[in-house]
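Hi everyone, thanks for making time for this. Have a look at the model on the screen, and I'll talk you through the spaces in it and some of the packing.

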Amino acid sequence: MLGVSMIMIKAFLIFFIFPLIGVLAICLGIWHERKKEVERRGRGWKYLMFSIIGILSFFAGFYLGDEMQLGYLIFKATGGLLAIFPFALIIYALLFLVGLYISKEHSFGFGLKVFGISFLFLFLAFQGIMAYGAHEHYYAKYISVRTLSAPSDYINLTAEELERYPAIKEAIEQAEKNKMGVVSLHPNEWQRIETSLGRAWLHTIKIGDEYYKIEFHCSLASKKLPEVPERYANVTEEDLEEYSILKRGKELADKFADRSKPFKMSISLDEWLRIEDFLDKKGVRTIEFGEEYYEFELISNLIVQKYYANITEEELEEYPALKKVIEDANRSENGRAGLKVHPDEWGRIGVFLDEKGSHNIKVGDEYYGVGFICA
């Protein structure tokens, strides 16, 4: 709430108070000179000079405070008003005094008017930079493409061989339908699959012309219970020290006790098996420590994703910006290219690839990695 209030105060100062100061100064200057019947002819160049003083002051402050990072060095400001305006106001004061000396005007009303004019132009310069920055932020959308090669380290499986590994088959079928396949699998079964395939670390498999990324995740979920459960096991401080992952899970459950879901953290396969053995000996997955109760859950999943999304030439024709940057990457010496595109097209291509399930794509026999960059 405090942060929101500060933003509102800054917005009020920028969009209301600052321009109001300039307008009031001009009005007071006009009123004062009319009251004193001061001669006001031949001042056009002077008003222009003070307009330029306001603009120059802001850009000089912007250069010193932001570009040269004096705002950070002096005020520890990483941007915004505090990084720019102290320097802009100092330069403004100096240039304003020089301008008054050059103008050879001694009227108080003239001073008020040129103060208001120069201050308004300082504000307008600031607003111009803000508007330009917002415009650039919105329109600075780029697509980058780099050529890729097919994975070189993979296991090649036929459809018949895949039948021996029903968990992998089920995950692949899910990935074909939902971009990602997730199948619950015990670590012992995963180790048997790796042993059968002759791979200690299985990352990629190929079936026909398709490549799939394979991951096996082990995790421990922990939750602090608000009430005494029906069944639980007691653990000692020594138990928690020996099984440090349980202790870490208990600490996280305490820290995030107000969460509606258990806190889940990744653990190694060996740690998963050790914790399972310990909890199996206890007979339950709920433990009591210091009259507080914690519920643990061991989770192990096989995760499969398509390594590349297949894009047909017909589909590519519907996204001319993507097609052009791919052609540029093919022509470049390093196999990389980038292209600035309209935000709507940038978003449309992103949605298309998300629906395909991967930002790594295959077009014909070629492979590409597509990246999305914004300011």
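This is a predicted model: local features need pLDDT of at least 70, side-chain atom pairs count only at pLDDT 80 or more; totals for chains, interfaces and linings use all residues.

Residues are numbered from 1 along each chain as its sequence is written, and side-chain values use heavy atoms, with hydrogens and water left out.

How do we find empty space? Rolling a probe the size of a water molecule over the atoms shows where it is left. In detail, we use a 1 Å grid over the protein atoms alone: a cavity is a set of points where a 1.4 Å probe fits but cannot get out, a pocket is an open set with protein on both sides within 12 Å along at least five of seven lines, and lining residues have an atom within 4 Å of a point. Points are joined across faces, edges and corners, and a volume is the space filled by probe spheres set on them.

Now, the largest pocket holds about 330 Å³ of space. Its lining has 16 residues, and W190, E194, W201, F216 and L269 lie nearest the centre. Two or more lining residues come from each of α8 (187–197), β5, β7 (263–267) and α11 (269–282); helices here are DSSP runs of H or I with at least four residues, strands are E runs of at least two, and both are numbered from the N terminus. Strand β5 gives the most, with 5 residues. By class, the pocket lining has 9 nonpolar, 4 polar and 3 charged residues. For these classes, Ala, Val, Leu, Ile, Met, Phe, Trp, Tyr, Cys and Pro are nonpolar, Asp, Glu, Lys and Arg are charged, and the others, Gly among them, are polar.

How do α8 and α11 pack? Their axes are 10 Å apart, at an angle of about 140°. Axes are lines fitted to C-alpha atoms, for helices over the stretch in contact, and angles run from 0 to 180 degrees between N-to-C directions. The pair is therefore oblique; under 35 degrees counts as roughly parallel, over 145 as roughly antiparallel, 65 to 115 as roughly perpendicular, and the rest as oblique. P187, N188, W190 and Q191 of α8 make the contact with L269, W272 and L273 of α11, where contact means heavy atoms within 4.5 Å.

Compare helices α13 (residues 320–331) and α14 (residues 343–356), which pack at about 80° with axes 9 Å apart. These two are therefore roughly perpendicular to each other. P320, A321 and L322 of α13 meet E345, R348 and I349 of α14.

On to the cavities: there are 2 of 30 Å³ or more. The largest has a volume of about 50 Å³, and its lining includes S222, K223, K224 and R259. Strand β5 (residues 210–225) supplies the largest share of that lining, 3 residues. The second largest cavity holds about 30 Å³, with D209, E210 and Y211 among its lining residues.

Beyond its neighbours within four places in sequence, S51 is in contact with I117 and F121.
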